[in-house]
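Trainee: I would like to learn how to read pockets, cavities and helix packing in a model. Could we go through an example?

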Amino acid sequence: MADYNRIVVKVGTSTLTYGNGKLNLSGIERLSMVLSDIANQNKDVVLVTSGAIGVGMSKLGFKERPYDIGLKQALAAVGQGLLMQTYEKMFAEYGRVVAQILITKEDIFLEDRSINAVNTFNALFKHNVIPIVNENDTIATDEIKIGDNDVLSAYVAKLIKADLLILLSDIDGLYDKNPALEDAKLIRRVYSIDDSITSAAEDTSSILGTGGMRTKINAARIAMENGILMAIVNGSRPDNIYDIISGREAGTLFLPDRKL
């Protein structure tokens, strides 16, 4: 565990909410406890969270995700506040303070803004605060969006020079074929992203809906190129995070050269 001093964890909408769009409070509470416990061991922890638009839809009674950009931004504005309110309450139960950071593409790729972002993260770490990151969906349009939080989490991990990136998924990891098939096998370790890995991700993404495995492979490519170990584990069991940082087998590991 001492090898991982700065850890980024990404959680998706399917882990945060039930099928009806309501928040999975027990799941969020368990995740808050695990991350607080890890932070108590003098680790820097960042949570990258999805779910703002989904929570906003539930709050305002929307049954389907709208296509209108302005409406999606409004839903994100409603949902982000409710999401942070929930996180603040859950983490406070375990003695941790959290802070909201909303990011756009410029904060990652423009040098002066990325330096400011790094300074903000470091100041929060210095004061034992857990940053909670989301893309700034309330103002971002397609032209300035990173697009999905799997890739966003990889860029955040790169930005803050994290040691470990963990993506919480709704399945156990990357399979060699569509995981709905009976003979599908979980791939435990990936040392390079070749055609076989890409095709496996294509098969998997067909049943996962938004997000899917393709975006996770894109995140893995960014992480591995920057010497960051990445893992995909099932988010329904937040204790999988303990397994990864303790070296126990869980999910799929993407190992950069420094980890071979």
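Trainee: Which residues lie nearest the centre of the second largest pocket?

Mentor: This is a predicted model. In it, R189, I244, G247, R248 and L253 lie nearest the centre of the second largest pocket, among 14 residues that line the pocket.

Trainee: How much space lies in the second largest pocket, and how do its lining residues divide by class?

Mentor: The space comes to about 220 Å³. The lining of this pocket has six charged, six nonpolar and two polar residues.

Trainee: How many cavities of 30 Å³ or more are there?

Mentor: A cavity differs from a pocket in that a probe fits inside but cannot get out. The count here is one cavity of 30 Å³ or more. About 40 Å³ of space lies in the largest cavity.

Trainee: Which residues line the largest cavity, and which element gives the largest share?

Mentor: The lining consists of V11, T15, L16, G27, I28, L31, L168, G235 and P238. Helix α2 gives the largest share, with three residues. Both α1 (13–16) and α2 supply at least two residues each. By class, the lining of the largest cavity holds six nonpolar and three polar residues, and no charged ones.

Trainee: What describes two packed helices?

Mentor: The description takes the angle between the two axes and the distance between those axes. Take α2 (residues 25–39) and α4 (residues 69–92): their axes are 9 Å apart, at an angle of about 55 degrees. The two helices are therefore oblique to each other. The crossing in which α2 passes α4 is right-handed.

Trainee: Which residues of α2 and α4 meet?

Mentor: From α2 come L25, I28, E29, S32, L35 and S36, and from α4 come T86, Y87, M90 and F91. By class, this contact has six nonpolar, three polar and one charged residues. I28 of α2 meets α4 in this way, and I28 also belongs to the lining of the largest cavity.

Trainee: At what angle do α7 and α9 pack?

Mentor: Helix α7 (residues 149–159) packs with helix α9 (residues 212–225) at about 10 degrees, and the axes are 8 Å apart. Angles under 35 degrees count as roughly parallel, so α7 is roughly parallel to α9. The crossing of α7 past α9 is right-handed.

Trainee: Which residues make the contact of α7 with α9?

Mentor: On the α7 side they are D150, V151, A154 and Y155; on the α9 side they are G212, T215, K216, N218, A219 and I222. The contact of α7 with α9 has five nonpolar, three polar and two charged residues.

Key: Residues are numbered from 1 along each chain as its sequence is written. This is a predicted model: local features need pLDDT of at least 70, side-chain atom pairs count only at pLDDT 80 or more; totals for chains, interfaces and linings use all residues. Side-chain values use heavy atoms; hydrogens and water are left out. Axes are lines fitted to C-alpha atoms, for helices over the stretch in contact, and angles run from 0 to 180 degrees between N-to-C directions. Helices (H or I, at least four residues) and strands (E, at least two) are DSSP runs, numbered from the N terminus. Angles under 35 degrees count as roughly parallel, over 145 as roughly antiparallel, 65 to 115 as roughly perpendicular and the rest as oblique. A crossing is left-handed if the near helix is turned anticlockwise from the far one by less than a right angle, and right-handed if clockwise. Contact means heavy atoms within 4.5 Å. Ala, Val, Leu, Ile, Met, Phe, Trp, Tyr, Cys and Pro count as nonpolar, Asp, Glu, Lys and Arg as charged, and the others, Gly among them, as polar. On a 1 Å grid over the protein atoms alone, a cavity is a set of points where a 1.4 Å probe fits but cannot get out, and a pocket is an open set with protein on both sides within 12 Å along at least five of seven lines; lining residues have an atom within 4 Å of a point. Grid points are joined across faces, edges and corners, and a volume is the space filled by probe spheres set on the points.
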